[in-house]
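Please keep the sequence and the structure open beside them as you go.

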Amino acid sequence: MIVIHNVRSGSPSRHRRWWRKRVQWGVLLGLMVLIYGSHAPLITLTKVGGRVPFSSSSCVLLIEITKLLVSLATLLLTGDLSALRAPLSLALVAPYAVPATLYAFNNNLVVLMQIYMDPSSFQVLSNLKIASTALLYSSCLGKRLRSAQWLALGILMGAGVCHSYSSLDLEYPGQTEDQASSRLHITAWGLVLVLVYCFISGLAAVYTERVLKSQRLPLSLQNLYLYVFGLAINLVPHLLSMGGEQDFLEGYSGVVWAIVAGQAANGLLMSVVLKHGSGITRLFVISCSMLVNALLSWALLGLQLTPLFLLPTSMIGLAAYLYYL
């Protein structure tokens with residue numbers, strides 16, 4: 001949790017620092033919400049003939065390379081070279097391979113789950129990762145949550161479900177109710193896989209937070225370790241897909257480069273949140289981004305917002321108030 005202590009009775013300089021910190025966190029979280037929320041609409045804008053014209057594996061690689069280079073440049077500019085020259089040990093570096101492995105596993109699991117359920121069912125059930133993250137955050141990090149905070153996280157999960165259901169009528173335009181119902185399905189294996197997905201999603205976030213906070217290293221160096229492993233792991237599927245005729249940068253446009261820059265910035269900003277805030281803050285960012293996603297889809301893609309959109313908006317506001325009260 002991000003805690004900003006009350007310093008109103010302190011000195012004016014301390015009061016100014018308090019407000020500066022609040023503004024900095026507000027800008028950081030607002031930027032993350034905007035980037036998260038704009039991701040899906042931007043991908044839709046790149047489509048040509050209903051298909052994404054660029055290689056997704058090359059896009060992921062470019063994001064990892066960008067994060068790696070920015071982390072290295074930050075480390076050099078801040079003068080933390082002593083940490084870079086320190087001898088490496090397996091016990092120091094190995095923990096950073098775990099998050100990259102977990103995220104890579106989940107990315108492939110999302111593709112596999114499409115066989116056992118429809119995308120709308122996945123969209124609704126994936127909100128269970130809020131519960132899994134909260135439970136792991138409390139048990140693995142020893143963070144005790146108040147009753148009001150547990151209630152807030154339950155409301156946040158409910159807001160995600162409401163938002164997902166409110167968008168179901170946008171998934172298959174022009175179809176009858178019977179046709180839409182036949183598309184909504186999930187098998188027993190699909191339910192098992194989505195539970196595994198939600199557990200791994202929460203585990204990856206909590207584990208990353210634990211590693212970043214437990215080691216007294218510059219964040220830029222920790223990011224460097226994270227993204228070296230991220231680049232190595234994501235390089236494998238790209239090399240396996242190189243048999244196709246598509247070139248590495250084929251289909252790239254200004255919008256695609258904006259996606260690369262945005263996702264790289266989001267990854268770096270998320271490490272700041274996990275280092276100095278908490279994984280719970282990450283959940284609120286993702287939930288708020290759903291609202292930005294809907295508004296951008298309405299403004300850029302012409303999708304219609306339903307009156308139900310106001311319900312998850314109110315629920316997220318209430319959840320934030322209860323959690324950070």
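1. Is Asn266 buried or exposed? Asn266 is buried, because its relative accessible area is 4%, and buried here means under 20% relative accessible area, with exposed meaning over 50% and partly exposed in between, for a 1.4 Å probe and protein chains only. Asn266 lies in helix H12, which covers residues 254–276, and, leaving aside residues up to four places away in sequence, Asn266 touches Met32, Ile35 and Tyr36, where contact means heavy atoms within 4.5 Å.

2. Before going further, please note that this is a predicted model, in which local features need pLDDT of at least 70 and side-chain atom pairs count only at pLDDT 80 or more, whereas totals for chains, interfaces and linings use all residues. Residues are numbered from 1 along each chain as its sequence is written, and side-chain values use heavy atoms, with hydrogens and water left out.

3. The protein has 14 helices and zero strands, these being DSSP runs numbered from the N terminus (H or I, at least four residues, for helices; E, at least two, for strands). Of the 325 residues in the protein, 42% are buried, and among contacts between residues at least 6 apart in sequence, 87% join residues at least 24 apart.

4. Helix H7, residues 129–140, has 12 residues and reaches 15 Å from its first C-alpha to its last, close to the 16 Å expected at 1.5 Å a residue, the expected span being 1.5 Å times one less than the number of residues. The buried residues of H7 include Ile130, Leu136 and Tyr137, and H7 is followed by Gly142, whose phi is positive, near 65°.

5. The largest nonpolar core has 25 residues, and those with the most contacts inside it are Tyr137, Leu153, Leu156, Ile280, Phe284 and Tyr323; such a core is a set of buried Ala, Val, Leu, Ile, Met, Phe, Trp, Tyr and Cys residues joined through side-chain atoms within 4.5 Å. At least two residues of this core come from each of H7, helix H8 (147–166), helix H13 (279–301) and helix H14 (310–324). A second, separate core of 23 residues includes Leu219, Leu224, Tyr225 and Val292. In soluble globular proteins, nonpolar side chains tend to be buried together.

6. Gly317 lies in helix H14 and is partly exposed, with a relative accessible area of 42%. The C-alpha atoms of Gly317 and Leu156 are separated by 8.9 Å, although these residues are 161 residues apart along the chain.
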